[in-house]
Amino acid sequence: MFLRAAFVRHFATKPKPKMKPVELNTPPEQTQTITRAIFDILKEHGPLTINETWDRVKEVGLKGLCGKRHMKIVLRWMRDRQKLRLKKNDDRELPSGLWSCSKKSLRNNAGLSGSIRPFAPNLRRLPITTVRVASLPANDRSPSVVIESTLKEITEAIEAVEPISDVSGGVQDYYGEDSATEDLPVTPWSLSVASGYTLLRDPHHNKGLGFTQRERDAHYLRGLLPPTVISQELQVKKMMHTIRQYQVPLQKYMAMMDLQESNQRLFYKLLIDNVEELLPIVYTPTVGEACQKYGSILRRPQGLFISLKEKGKILETLRNWPEKNIQVIVVTDGERILGLGDQGCQGMGIPVGKLSLYTALGGVRPSACLPITIDVGTNNEKLLNDEFYIGLRRKRATGQEYAELLHEFMTAVKQNYGEKVLVQFEDFANHNAFDLLEKYGSTHLVFNDDIQAGTGIAELIALEISKQTNMPLEEARKNIWLVDSKGLIVNSRKESLQHFKKPWAHEHKPITTLFDAVNDIKPTVLIGTSGVGKTFTKEVIESMASLNERPIILSLSNPTSQSECTAEEAYNWTQGRAIFATGSPFPPVEYDGKVHISGQANNAYIFPGFGLGLIMSGTIRVHDDMLLAASEALASQVSEENFANGLIFPPFTNIRKISAHIAAKVAEKSYELGLATRLPKPADLVTYAESCMYSPAYRSYR
């Protein structure tokens, strides 16, 4: 059973208004698991007076969650249960007549009732908070007290005690994650103040050997760590040394995931400081192999798994996630993972990896990120016959069954997290991806960087041509030609085309091969998003080189095994003249005495800063003009030196600066379109974006 006390919000004014009693009720529906809070104080220090107990409560940091009057009620409840002794004559300090209970009511789980007046009148603003006092079964001789709240309620309860940044889209920073709070001390809150072994197992607050001697004393860590104290910088150096010892990329990936689950700040510090080296490990191409072997390498589940078994209970399932202030969700159904096809439930590696980049590259708080896999089955026979497969062993749901599950999911997301939560659809098959974006684009804050690639890339290029030349959009589209598995997309094929391809069907004779299309159309830029490796053959690239002095070739499919061509092929077949970029990184190529470094045309340049811009402005819908603004912001960061070296993207070493500029441009466009809700608009959006960014630096603990 539990005792629920609702404490009213009030303000200290003169004269003080008379405060009405607040009813206390203990519904008998369920018994809560109890932590040790006030009981541990009494157990450690022996019988104490009320004031001495209150002093101990303040010392361990519970004051923000527990007022003195409520503490007295807890003590009386414990005394009535015959589980504590007070010092002589101290019983008169306990609240009398406020509430009562009998041993019989406790045994019968009948609940408690009574009333209590609001406490802590010295605080000018005391938010409404739910506090649960739980009792153990009668035969349990180790009673304790839990003071449990939702994360929102905890944040409000400590608001009067310590300053809290709320720069990131208006969501308060109670973990101390933003750059704006980097110099402020924080309290390592969990459901109570984290300490001892629990603190070392909390990835939000664990610092490993980074805990100072004072912190070790304050949080009961003596003896739980070796005596040395080392800086976060030295920890980063040590971890990089360890990771570089592994020869297999998947082993490096597993080491990084283990670090993320044990010391979150060190993980992101490591990734930010070594982004060019570690990006291919936590994201493409290694994450593709991780998805293929996810059932074998899974140690501790990450993210939220929603399957057909949760149909009708998705809202309840979302509420099982411990973090409540979610700002970004990356969701997949695993049907088209990179260029690897259907990976079913094991596609979870993609949302996890994607959200790691939202934090490392875009500065979105990790506590605000939620990776989700929707398991509707798989058509991959290899997985269905794999004894280690972790998903539903059935063929994929389609049609109405699939649509109903997705609709329930999208409705539950909005109901649980509100209008401004960003949902990124990731690696859905095209037949579902376009439908989902079209269906929910007008009701939710959603985007899909897979299909807002492909035909999406074509549309954005046409929009930019139209914008810069004042050409009608229909005319701009005629400068762009698409080739699919059946050949050049032309008018004579229009009846059989999917709806998203029809705007690109131009007047031309049918052509079935890419090589013939290149020779006939004579393009200056060749972009590959097919997900099919080796599509750009030697004859295709040599044809591009014969038509252009500096052919632009973008081989964007992931992972490297599915790339349309390699960097070595592109430079060798164009005699080193290609301006080349790929979706996954390739090593440098030497041709005719010159070393060519290919650019990485990865959406990791865009989506982290794009997401940050939406969050910090409180945007409620995604508009194509925001994607154009993000692209323009990225292009503005490319230097003349980059161009001279054949690079059309800036180096990833400056990615956080790039993301801040992208976020500012996206937010600016959102305000311009009237889609931003965070008012007033910040005067300097770049500076504001930087202040919103997550900082992985260790914080000092009280």
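## Close-up views of a predicted model

At 17% relative accessibility, R621 counts as buried.

**View 1. How confident is the model along the chain?** Averaged over the chain, pLDDT comes to 82, and 76% of the residues reach 70 or more. Please take care with residues 1-36, where pLDDT stays under 50. The model has 111 contacts beyond four places in sequence for residues 1-36. Residues 81-85 also stay under 50, with 15 such contacts. Where pLDDT is low, the coordinates should not be read in detail.

**View 2. Five strands form an open sheet.** Follow the order β6-β8-β7-β9-β10, in which the pairing is parallel. At the edges you will find β6 (304-307) and β10 (445-447); each has a single partner strand, so one side of each is left without a neighbour in the sheet. From one strand to the next, the twist averages 25 degrees. Inside the sheet, β7 and β8 (residues 369-375) pair over 5 bridges in the parallel sense, and V330 stands opposite P371 in β8. Helix α17 (residues 399-417) packs on this sheet and touches β6, β7, β8, β9 (422-425) and β10. The direction of α17 makes about 160 degrees with that of β8.

View 3. With K414, the closest N and O atoms of E419's salt bridge are 3.4 Å apart. E419 counts as partly exposed at 33% relative accessibility, and K414 is partly exposed at 27%.

View 4. D449 lies in the loop between β10 and α19 (455-469), while K354 belongs to helix α15, so the pair ties together parts that are 95 residues apart in sequence. Both D449 and K354 are buried.

**View 5. S563 is tucked into a loop as a buried residue.** You will find S563 in the loop between β14 and α23, with a relative accessible area of 4%. A polar atom of its side chain lies 2.8 Å from the backbone oxygen of C565.

**View 6. Backbone angles worth a second look.** Most residues other than glycine have a negative phi, and most peptide bonds are trans. L338, though not a glycine, has a positive phi of about 50 degrees; L338 is buried at 13% relative accessible area. K522 is not a glycine either, and its positive phi is about 60 degrees. K522 is exposed, with a relative accessible area of 51%, and is found in the loop between α21 (514-521) and β13 (525-528). Another cis peptide bond runs from T284 to P285, with omega near 10 degrees.

Technical notes:
Residues are numbered from 1 along each chain as its sequence is written. This is a predicted model: local features need pLDDT of at least 70, side-chain atom pairs count only at pLDDT 80 or more; totals for chains, interfaces and linings use all residues. Side-chain values use heavy atoms; hydrogens and water are left out. pLDDT is the predictor's confidence in each residue, from 0 to 100. Contact means heavy atoms within 4.5 Å. Buried means under 20% relative accessible area, exposed over 50%, partly exposed in between (1.4 Å probe, protein chains only). Helices (H or I, at least four residues) and strands (E, at least two) are DSSP runs, numbered from the N terminus. Two strands pair if DSSP finds at least two bridges between them. Axes are lines fitted to C-alpha atoms, for helices over the stretch in contact, and angles run from 0 to 180 degrees between N-to-C directions. A polar contact is a pair of N or O atoms within 3.5 Å; within protein, one must be able to donate a hydrogen and the other to accept it, and residues adjacent in sequence count only if both atoms are side-chain atoms. A salt bridge is a side-chain nitrogen of Lys or Arg within 4 Å of a carboxyl oxygen of Asp or Glu.
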